[in-house]
Amino acid sequence: MAEKCKYSCKTASETLEWIHAIIHFISPYRYFLDAHVVNFFKDRLWEAVDKEWMHCLRKEPVENLLRIPSGVVQGHWPVSLKEFILTLRSLSLPREKTDLQEFSGMHIASLSNVLAQGMNHKKKHEVEALAALVGLVAKQVGAQTVVDVGAGQGYLAQVLAFEYQLSVIAIDACSHHGKITDARAERIRKHYAAKMRKNGSELREISMPKTVTCRVLSSDTLKTLSNFLEENDDAANQHLSQKCSGSQLSRLAENILPSLSYSDSSLVIAGLHACGDLSVTMLRTFLECDKAKAVISVGCCYNLLSEEASDMVDSCCGFPVSQGVKSAGVVLDKNARDLACQSADRWRGLDEHAGLHNFELHAFRAAFQMTLPTHIARKPYNRTSRESLTTPTASEDPGV
């Protein structure tokens, strides 16, 4: 059994102690962290692994190898190998699942066919759960407005607006997504209006998500967007292909708020699959914006976080965020962040066939990358050969 974690995040000092313990543990293995998994084969990185470990693991069944990331060791392994894996497990952040239904007052309602149209089973489950949580938190903090960051096609925004009667500002970088959100919301509005007329109930005002198209990048265009929103009462319904600064989403929210009909200006910041730096932007906004009473984020693609470099001054990068991590000098380049996104549960859940398939994919890709330069050197350049010899990126690699 893996050693129980002896570290805690209850206080800042305890969290920093945990961070320093991790840094101390991984420091001797930086050559692994900073290399793509394919480089293990291509650059013969296995030669740096303890010879006794390699001799032992080379004979192990695949199912035992797949359980190593979960901290499972075998009794006959070398003591140093067992200590390495158990220490690694003790330093890992816990990943226990939480039953959202246990929250007081939380009720996850199943979406109607109209609201769920276009969603697959996974997306429907995610939207149902997150919408219920956002609705509960908004009620608890007394907020009537939700800023949906990275709203995509507006699935979450529409459920919050139509089912939970919240005022929603749906922000996305893609203008096409904004148009889809509006068109879909209009169809849903008509359905709700027709349903009220059919039931003979009093026609109430139906809340519609307000869509804003912007990319959180440049402070200059943020000022342009802010001025536009202040000068136009119906600004939140416009699609603006603007580029806005990341840490200043608070200003964007504060400038949109005057256009809303609600007198209460407090808001909740929410995001479903807030990609890369978006999650960090939401956290910074929560700290900087007095109107933001809560932040609820389901992040993704942490490997796409931008990393602060030593020569960058006053930057708003996604990693590291805390002063404690910065002071510890933690550096995680793209390959290290890719590796950090791996889930131990994912590997543990694979059977022998699937596990071997993953290993084979990386081995073949490594062989391809080793022979590719020689092949290109022998062949004259043309568009067809270039396209046919393109290697997959890390995000396309089925084994990453």
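Predicted model: local features only at pLDDT ≥ 70, side-chain atom pairs only at ≥ 80, totals over all residues.
Is Lys124 buried, partly exposed or exposed? Lys124 is partly exposed, since its relative accessible area is 22%.

Residues are numbered from 1 along each chain as its sequence is written, and side-chain values use heavy atoms, with hydrogens and water left out.

I turn to the salt bridges. The structure holds 9 of them, a salt bridge being a side-chain nitrogen of Lys or Arg within 4 Å of a carboxyl oxygen of Asp or Glu. One of them joins Lys124 to Glu128, at 2.7 Å from N to O. Because these residues stand 4 apart in helix α8 (residues 121-141), about one helical turn separates Lys124 from Glu128. Helices here are DSSP runs of H or I with at least four residues, strands are runs of E with at least two, and both are numbered from the N terminus.

Another salt bridge links Arg348 with Asp345, with an N to O distance of 2.3 Å. Both residues belong to helix α16 (residues 344-348), where they are 3 residues apart, about one turn of the helix. Arg348 is partly exposed at 44%, and Asp345 is partly exposed at 37%.

Next, the backbone. For context, most residues other than glycine have a negative phi, and most peptide bonds are trans. Arg44 has a positive phi, near 55°. Arg44 lies in the loop between α3 (39-42) and α4 (51-57). Its side chain also forms a salt bridge with that of Glu47, at 2.7 Å from N to O. In terms of relative accessibility, Arg44 is partly exposed at 47%, and Glu47 is partly exposed at 41%.

Cys301 likewise has a positive phi, near 50°. Cys301 sits in the loop between β6 and α14, and is partly exposed with a relative accessible area of 34%. Pro320 is also found in the loop between β6 (292-300) and α14 (323-328). The peptide bond from Phe319 to Pro320 is cis, with omega near -10°.

How many cavities of 30 Å³ or more does the structure hold? The structure holds 1 such cavity. On a 1 Å grid over the protein atoms alone, a cavity is a set of points where a 1.4 Å probe fits but cannot get out, and lining residues have an atom within 4 Å of a point. Grid points are joined across faces, edges and corners, and the volume is the space filled by probe spheres set on the points.

The largest cavity contains about 30 Å³ of space. Its lining includes Ala151, Asp172, His177 and Thr211. At least two lining residues come from each of β2 (167-172), α10 (175-199) and β3 (210-216). By class, the lining comprises 4 nonpolar, 6 polar and 1 charged residues. Here Ala, Val, Leu, Ile, Met, Phe, Trp, Tyr, Cys and Pro count as nonpolar, Asp, Glu, Lys and Arg as charged, and the others, Gly among them, as polar.

Technical notes: Buried < 20%, exposed > 50% of the residue type's maximum accessible area, 1.4 Å probe, protein only. 1 Å grid on protein atoms, 1.4 Å probe; cavity = no way out; pocket = protein on both sides within 12 Å on 5 of 7 lines; lining within 4 Å.
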